[in-house]
Every structure is written in structure tokens, then in C-alpha cells.
Amino acid sequence: MVPVDFYFVLACLIFSLGLFGALFRRNLIMVLMSIELMLNAVNLVFVAAGRAIGNVDGQVMVLFVITVAACEAAVGLAMVIALFRKYGTVNTDILRLLRG
Amino acid sequence: MSDFSLLMTHGVFHLFAALITLCSVLVVMSKHPVKSAVFLVVDLFLLAGLYATLDSHFVAAIQVLVYAGAIVVLFLFVIMLLNLQPEQLRGLKFSAVEAGTLVISLVGFLITVVATFKGDQTGLGDGSLDPVAIEAAGGNTYVVAMKLLTNYIWPFELASVLILMAIVAAVVIAKKDKKKTSAPIS
């Protein structure tokens, strides 16, 4: 098997890219997609670590993470649609009501 | 394990890792959300391939079915529904140098964290479920299902409640405001 460290490093890369997208993109849909990327990095760590220590609990956890990700995407996209209907934009430079 | 099969395993991992990184960069950097969504699908398929190399066949199948099949399609539906204008697809606000510095420092930090904490693996598992034992016990899907429906039965049931709540919430949030829509008729 490939050393588990390699999987961790790859997951670090994906997570960092996802965080970068979530912080710097100005489109709400892009922010949601970046969050999916970060969740996938975490899933990769769960599966790789579980395989390394001989345990399937990591895979069970991945199933829960996927469930939560699906719920998050559904509710988040519904909010994007509602915001677009109200304000006509999904740009976070304009939607700054909670930024103070 | 023979030298050739070891070489193949490493080669496949590094090929997949390079493609995943490339696709992740394209997901984050693409100007148009549709392009990002398509690269996200490719990314998720490649990750499913990595799960398969880690003997996690059930997770790999679910990754393709739920993530690539359902979640990204939902994203694409919303992107098409909103029909975003070009000026709303403006790219990044920060310069590439600032952003690149941030990502590189973050990667370094995370690798340091992993290197710090990976040493001690005691108490994390008894190591009884190596691939050979899993095959003997009935295969990956069987073992995962046994865990899911015995040890993790309460989280499993709660997940169904969570999904129900998400369905109702999504419908309520995305539904048109009744007063607004009925106003022109009356």
C-alpha cells in the first residue's frame, strides 16, 4: 500500500484549495462548491486512516459526512435561490447585510 | 508484493493525486460556475478511484452515486436556474501572489500538523480488520453494513431525520413568497 502520509498530504492540498476557494471567491455557488471540496478532503483522510489502522469505522463516518454534505448542499442552494430572487445577485460583495 | 505491482500501486496513486490536485485548482479558479461543477464531477470520480485503491468499494460507489450523481447535478440545476450574468461571474478579489502565499502556507501548516500527530496510533483501533480479514468476514460492503447497522444505528436513524428536515427546509426556503405571487391576481 502507498504510505498513508501521501494520502494525508493530498488531503491537505485539497482542503487548502477548498478553503482558498471558500474565502476568496465572490460567488455564493462557488463558495458552496469549495466547501464540498473541503468535505471530500476530510473523507479521504477518514478512509486512508481507517485503512492504515485496520478499522472500517472511518468508512462509516464517510457515509455520514456524505449525508450531511447532501443536506448542506440542498439547504444552501435553496438559500442561494431565495437570495437571488430577493436581491437579484449571488455576489457576496453586494450581499453584505450580516457583515456589519 | 512484487516490485512491479508495487510500482503500479504507487504510479496509480501519484497519477490520481496529480489529476485530483489539478482538477481542484480548476474547480476553485474557473470563472464560470458550470466549468467548476464539471471539474468537481471529475474530481469526485478520481477520489472514488482512490477509495477503490484503499479497498473501500462501498464508499467509492456511494461517492459516485450520491456526490457525482446527485449533489453536483443539484449544483448544475441551480446554476442553470439562476442564469447568472457575466458581470456576476467576476473572478478573484485578491492578487494571485497573495492567494498563492496563503495556500502554500496553509499546506505547510497542515502537513506540520499531520506530521506532529501521526506518530502515536495506539488506541485508534485493534487493527483486526485488515483487507484479508475483511475478505474473510464477507467483503467490504458486508463489514461496513454490519458496523453501520449495529454500532452506529442511532446516528444512522438520526441521519434520516436530518435528511427529512433538510427536504422540508429546502422546500420552505426556496418556495416563492405567497403574498408577492398572489398580489397581481387580486
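**From chain to residue**

Chain B has an accessible surface of about 11500 Å², and 74% of that surface belongs to carbon and sulfur atoms; accessible areas come from the Shrake-Rupley method with a 1.4 Å probe, and for residues only the protein chains shown count as cover. This is a predicted model, in which local features need pLDDT of at least 70 and side-chain atom pairs count only at pLDDT 80 or more, while totals for chains, interfaces and linings use all residues. Side-chain values use heavy atoms, with hydrogens and water left out, residues are numbered from 1 along each chain as its sequence is written, and chains are lettered from A and ligands numbered from 1 in the order in which they are written.

Chain B contains eight helices and zero strands, where helices (H or I, at least four residues) and strands (E, at least two) are DSSP runs numbered from the N terminus. Of its 186 residues, 30% count as buried, a term that means under 20% relative accessible area, with exposed meaning over 50% and partly exposed lying in between (1.4 Å probe, protein chains only).

Within helix α7 of chain B, which spans residues 153-174, one finds B:I163, a residue that is partly exposed because its relative accessible area is 36%.

In chain A, A:S34 lies in helix α2, residues 28-52, and is buried because its relative accessible area is 0%. Leaving aside residues up to four places away in sequence, A:S34 touches A:G18, A:G21 and A:A22, a contact being heavy atoms within 4.5 Å.
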